[in-house]
Amino acid sequence: MNRRNLLKSAGVTGSSVLLSSIYNPTTLKTDHKPEKPFKKRFAYCFNSSTTRGQKIGLEKEIELVAKAGYDGMELWIPVLNEYKKSGKSIKDLGKKINDLGLRVEDGIGFAQWIHED
């Protein structure tokens, strides 16, 4: 067995053991009533780097993210600046994002010192 296959096997085995220890249907209590209603612990956030090269436009990208079922997204700061320079309203964009049930979790940008010279 080569090293790559060994690592794959170890990962699958380790994941299986971990999941089986977390979720074991034989030990679940069915009579337990939570004090508070269940709230989602994780929000799924779309990293717009994924589609940055596709050039579909910011508004269409936001619609795509909402259709895909994400809770929020990360936007590129330069894309927002281009959107604003084109004369479109950031406030209207924010309303659209909100109306689609999304949140902007953060903005992606790189400071000048990190760029290659």
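**Fold and aromatic contacts of the predicted model**

Along the sequence, the chain runs in the order α-β-α-β-α-α-β. The model is predicted. Four helices and three strands are present in the chain. The chain has 117 residues, and buried residues make up 15% of them. Its accessible surface comes to about 10,200 Å². Carbon and sulfur atoms account for 56% of that surface. Among contacts in the chain with a separation of 6 or more, 75% join residues 24 or more positions apart.

One aromatic pair was found in the structure. The ring centres of phenylalanine 46 and tyrosine 70 lie 5.2 Å apart, and the ring planes meet at 70°. Planes over 60 degrees apart count as edge-to-face, so the pair of phenylalanine 46 and tyrosine 70 is edge-to-face. Phenylalanine 46 belongs to strand E1, which spans residues 45–47. Tyrosine 70 sits in the loop between helix H2 (58–68) and strand E2 (72–76). The pair therefore ties together parts that are 24 residues apart in sequence.

Phenylalanine 46 has a relative accessibility of 10%. The cut-off for buried is under 20%, so phenylalanine 46 counts as buried. Tyrosine 70, in contrast, has a relative accessible area of 31% and is partly exposed.

Conventions:
Residues are numbered from 1 along each chain as its sequence is written. This is a predicted model: local features need pLDDT of at least 70, side-chain atom pairs count only at pLDDT 80 or more; totals for chains, interfaces and linings use all residues. Side-chain values use heavy atoms; hydrogens and water are left out. Rings of Phe, Tyr and Trp (its six-membered ring) pair if their centres lie within 6.5 Å; planes under 30 degrees apart count as stacked, over 60 as edge-to-face and the rest as tilted. Helices (H or I, at least four residues) and strands (E, at least two) are DSSP runs, numbered from the N terminus. Buried means under 20% relative accessible area, exposed over 50%, partly exposed in between (1.4 Å probe, protein chains only). Contact means heavy atoms within 4.5 Å. Accessible areas come from the Shrake-Rupley method with a 1.4 Å probe; for residues, only the protein chains shown count as cover.
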